[in-house]
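Open the model in your viewer and keep the selection tool at hand. This tour goes stop by stop.

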Amino acid sequence: MIDKQRVEAAVKELLSAVGEDVDREGLLETPKRVANMYEEIFAGLDDDPKKYLKIFNVPEQEQELVIVRDIPMYSVCEHHLLPFVGVAHIAYIPKNGKIIGLSKFARIVSCFAKKPQVQERLTTEIADFLYDNLEPLGVAVVIEAEHLCMTMRGARAAGAKTMTSALRGAIRTDAKTRAEVMSLLTNK
């Protein structure tokens, strides 16, 4: 649970520390706005992705590839507290006809992304969660994102994208399946 009063006090102190007049009109409501924003963008700290797992049994779906691409995603880099924004792509091969509703992938991605995070861990957490809970033959998660900590500061490499992938089960161990999935996930 976000302690909004502490966030407001911290934001006020931060603004003061960088030389701003915290009493000027444009900043009077900023601490409250930031606290409200943090409550929203860090909602994943108090969320449980299992609540999005409504599993259906569809026997005819046995061992056929399912892909959801371009799931909008944003998170906050835990190193600089700046956003990274992009898309997640998910593929899985159901086992025993166990599938979930396609919209649930977006909810699961959002749940893991809404906390201070690094893209590498985010990708792994989503893949592990789906592999452990859906029990598919295989799962792949690819995330492609632009990190504002690289765009606004440091290297100032605007437009640079970071891609991460996590492969589990048959998608990892079978070279032919892996090549097919990665081709479908990364080619536009």
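**Before you start.** This is a predicted model: local features need pLDDT of at least 70, side-chain atom pairs count only at pLDDT 80 or more, and totals for chains, interfaces and linings use all residues. Residues are numbered from 1 along each chain as its sequence is written, and side-chain values use heavy atoms, with hydrogens and water left out.

**Stop 1: the whole chain.** Show the C-alpha trace. Along its principal axes it spans about 65 × 35 × 20 Å. Now colour by secondary structure. The chain has seven helices and seven strands; these are DSSP runs numbered from the N terminus, helices being H or I of at least four residues and strands E of at least two. From the N terminus on, the order is α-α-β-β-β-β-α-β-α-β-α-β-α-α.

**Stop 2: α1 and α2.** Select residues 4-17 for helix α1 and residues 30-41 for helix α2. Their axes lie 8 Å apart and the packing angle is about 130°. Axes are lines fitted to C-alpha atoms, for helices over the stretch in contact, and angles run from 0 to 180 degrees between N-to-C directions. That angle makes α1 oblique to α2. Under 35 degrees counts as roughly parallel, over 145 as roughly antiparallel, 65 to 115 as roughly perpendicular, and the rest as oblique.

Next, show the side chains. On α1, pick Lys-4, Val-7, Glu-8, Val-11, Lys-12 and Leu-15. On α2, pick Thr-30, Pro-31, Lys-32, Val-34, Ala-35, Asn-36, Tyr-38 and Glu-39. These residues make the contact, meaning heavy atoms within 4.5 Å. By class, the contact has seven nonpolar, two polar and five charged residues. Ala, Val, Leu, Ile, Met, Phe, Trp, Tyr, Cys and Pro count as nonpolar, Asp, Glu, Lys and Arg as charged, and the others, Gly among them, as polar.

**Stop 3: the largest pocket.** Which residues line the largest pocket? Select Ile-2, Val-7, Val-11, Leu-14, Leu-15, Thr-30, Val-34, Met-37, Tyr-38, Phe-42 and Leu-81. A pocket is an open set of points on a 1 Å grid over the protein atoms alone, where a 1.4 Å probe fits, with protein on both sides within 12 Å along at least five of seven lines; lining residues have an atom within 4 Å of a point. About 220 Å³ of space lies here. The volume is the space filled by probe spheres set on the points, which are joined across faces, edges and corners. Helices α1 and α2 each supply at least two lining residues. The lining has ten nonpolar, one polar and no charged residues.

**Stop 4: the second largest pocket.** Select Met-37, Tyr-38, Ile-41, Tyr-74, Ser-75, Val-76, Leu-81, Leu-82 and Pro-83. Helix α2 and strand β2 (66-77) give two or more residues each to this lining. The space here is about 180 Å³.

**Stop 5: α3 and α4.** Select residues 103-113 (α3) and 119-134 (α4). The angle is about 135°, with the axes 10 Å apart. The two are therefore oblique to each other. Phe-105, Ile-108, Val-109, Phe-112 and Ala-113 of α3 meet Leu-122, Glu-125, Ile-126, Phe-129 and Leu-130 of α4. Nine of these contact residues are nonpolar, none polar and one charged.

**Stop 6: Asn-133.** Stay on α4 and select Asn-133. Beyond its neighbours within four places in sequence, Asn-133 contacts Lys-50, Leu-53, Ile-55 and Lys-98. Lys-50 is 83 residues away along the chain, yet the two C-alpha atoms are separated by 8.2 Å.
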